[in-house]
Amino acid sequence: MPVNRRNVLRGGALAAASTVLLNRPAVAVPRTKAALSPIVAAYRQLQTGINRPSPERAAALVNLSRVAKAYNAGMSVAGGGAPLWTDLPLGPGSDYTTSMYARLRAIAVDWGTPGSALAGDPDVLDRIKAALELLYASQYNENVGEIGNWYTYEIGIPYYLLHTLSVVADQLTAEQLARYLRPIKRFVGDPNRRANNASVIETGANRADKALISVVAGAMLGDTPWIRTGIDALTDVAGGGAASVVAKLDRAAGDGFHVDGSFIQHDTIPYPGHYGIVLLTALAGAIHVTQGTEHALPQPLKDKIYTLVADSFAPFVHAGALMEPVRGRMLSRQGETGHDIGHQLTVATLVLARTASGKTKADLNALAAKWIKEGTYAPFLQIPDPERFAPGPDLVGTPGIEFAQDMLAAGTRPARVTAAHRVFGQQDRMVHVTEGWSASLGVSSTRISRYEAINGQNLKGYHVGDGVLYTFLPNAKGHYTDAYWPTVDPLLLPGTTENDGPPDPKFGGVPLGPNAHTGGVRWDARHGAHAFAFTSWDGSLTAKKSWFFTPAGIVCLGAGITSTSGYAVRTTIENRNLGEGGGGALLADGRRVPTDLGKASSLRNPRWVHLADVGGYVLLDDAAVTALREDRTGTWRGIDTGANTKGSTTPYTRRYQKLVLEHGVRPSGATYAYAVLPGASLVETFAAAWAWRVRANTPVVQAIRLPEGVFLANFFAAGSVDGVSVSGPASVAVGRRELAVADPTQLQDSVTVTVHGKAVTVPLKGTFGATKVVPLP
């Protein structure tokens, strides 16, 4: 079934560029200066939209109003120490305060949205005002101290409070508005620094969020210096540009965007699929709310922001969803699946397009149209349930629907799917896109963490950085969204080689990988190779792993698989989510494999395996394969217990098809060789069984030669194969006239490659894993 949408306007950072202002309820109260501010008016559009009528907007409003009415009905403003909601007790600390402001925001937005159930109701307005006063007095004022997560006080609550105030600002006195903004001034008065520790310089998404908060709050107060401080924070004027959110870093890891399109947050986590979009969302909002004012962002800065969409985000979107390897711990959030964050990216892109012109505008709109068209699993124009999870749900709004329909009505043609192979060496990620399917890898290194498991989130992400091969199919657009992470076996993720033992008892944090050798080479838009030197969390298991990407599929090689643990070692070929009660025939060499639930089948040296509606798997050497179809049950709470994000305890059951290679106990120098053919038919799988030519599979070099004549190799040390030798670790692609080389270790100044007796030294210092292409001598 289609997934519900989360808040496509997350954090209040987006706003419509339209000059159409909302119809305001006719309630006679003193108007504040904020009501006259174009910045505040534009920010209000973020919450309540531009009142563009459509059946989709009307349907969305019904669902939004349902939630708002329930919150309003359950809210008590009696005061006297009584909580606003009985399930959210008052008191110091951050566990419940964010949820209180989130619920009040929902009521206020519904009150201010034309056509909604609570629109313009004077009694509801009085209750909103009373709630604002109670929350200020008991929960969030300039005298409270930060307890728990700093984010709650410095970004989370300020955003929800500004959402609410922007809607009712012209219904408050100047004194009331100033009072409610005092705590924001205290905690976000300097967006360049952490309020609870001034030695911490804000970076990336956190800096962008605080900058926008400063701009909007400053506009509400008529505080021009605070507005200017927020604008200047985007490019870090105070710090000489060192923490500019649009600077392109020319180094491995580190918060922010990088020259190769990477985006990192928390120093070592690839995050285009969350914090990067949060940052982009804030930037889109900053452009819009200042448009046409004295604080408008300069055109060169806006141009840099516009280019980010295609460079850093679009490569990782499939069917409107962000790919799993760039979502960090957000994998475990029930209310933020890949489709949810994909919707946020779509809205950010639409807002940017509304402020752009010419080809830039057309290209941005084309990407948004493409994602809307392909996102049929989670239709962008539908909001069946605005409340994804509790406590503190973000609610989706109507503005995204209105922006999209404005764009679509103009006849925008969706961008075409084009083949692409990109290596993002500065965040240890890659993506391979074909016209029919896409793939990406979850790996790690001494530069990039194996996983992120903090704040009670991603509690079973033990192996997400151990070489997970993610495949994205056009007929399974909800594969990773459909309760995948609560139900998948976290010890057997596709592509990984692991011990059949317990996970790390000290699991948690953001640990780096132990080896530098992670990365690969790009030959062209349809071919590339990626390498990974793997060591398990306890050091008991090592392996050299390679993936060779082609238009037809991915050749997967493993060598030097050695374990001292005493546990059996397994490589997972597939662990596919078939959905709730899903099926599909499984064939091996033309014979049907039993799929009785919970009953494993041992396949002796199969040449190929085919799973209906999923694809084919070709075994390129003799192997013992275990096939198992099973139902697995889990809850979102089992992987996320965060204070404001924790998942529900509702059990989900999903059916999985496993294909696992057995290496035995204490293997020494074991190998594997297989190909994954996403979406392949039975005939295509059978034909491919003789198409792949593995030229080497050792701990030193893994290589294949393609029918097109291209030679792809990953060297883990100096070595030679098929007339190609290297002086040190390298990923190499050799054609008839050119040579492509990359240094996956990112440690060497150069590598000398000899092809049929002719040597060429390729300078690689400072390339950070990027591919260098040189002519063959």
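The model is predicted, so local features need pLDDT of at least 70 and side-chain atom pairs count only at pLDDT 80 or more, while totals for chains, interfaces and linings use all residues. Residues are numbered from 1 along each chain as its sequence is written, and side-chain values use heavy atoms, with hydrogens and water left out.

Helices (H or I, at least four residues) and strands (E, at least two) are DSSP runs, numbered from the N terminus. Among the buried residues are Ile39, Tyr43, Arg44 and Leu46. Their cover includes helices H3 (97-112), H5 (150-168), H7 (204-221), H8 (224-234), H9 (275-290) and H13 (399-409), where contact means heavy atoms within 4.5 Å. At the start of H1, a side-chain oxygen of Ser37 comes to within 3.2 Å of the backbone nitrogen of Ile39. Just after the helix, Gly49 has a positive phi of about 80 degrees.

Charged side chains come next. Side chains of opposite charge can pair when their charged atoms come close. A salt bridge is a side-chain nitrogen of Lys or Arg within 4 Å of a carboxyl oxygen of Asp or Glu, and the structure holds 32 of them. One of them joins Lys210 and Glu202 at 2.8 Å, N to O. Lys210 is buried, at a relative accessible area of 0%, and Glu202 is buried at 1%. Both residues belong to a network of salt bridges that also links Glu154 and Arg194.

Glu324 and Arg327 form another salt bridge, with the closest N and O atoms 3.1 Å apart. Here Glu324 is buried with a relative accessible area of 4%, and Arg327 is buried at 1%. In the salt bridge between Glu336 and Arg333, the closest N and O atoms are 3.5 Å apart; both residues are buried.

Two strands pair if DSSP finds at least two bridges between them. Strand E10 (residues 429-433) is joined to strand E11 (residues 438-442) by 3 bridges, and His432 stands opposite Ala439 in E11.

Conventions:
Buried < 20%, exposed > 50% of the residue type's maximum accessible area, 1.4 Å probe, protein only. Polar contact = N/O pair within 3.5 Å; in protein donor to acceptor, adjacent residues only side chain to side chain.
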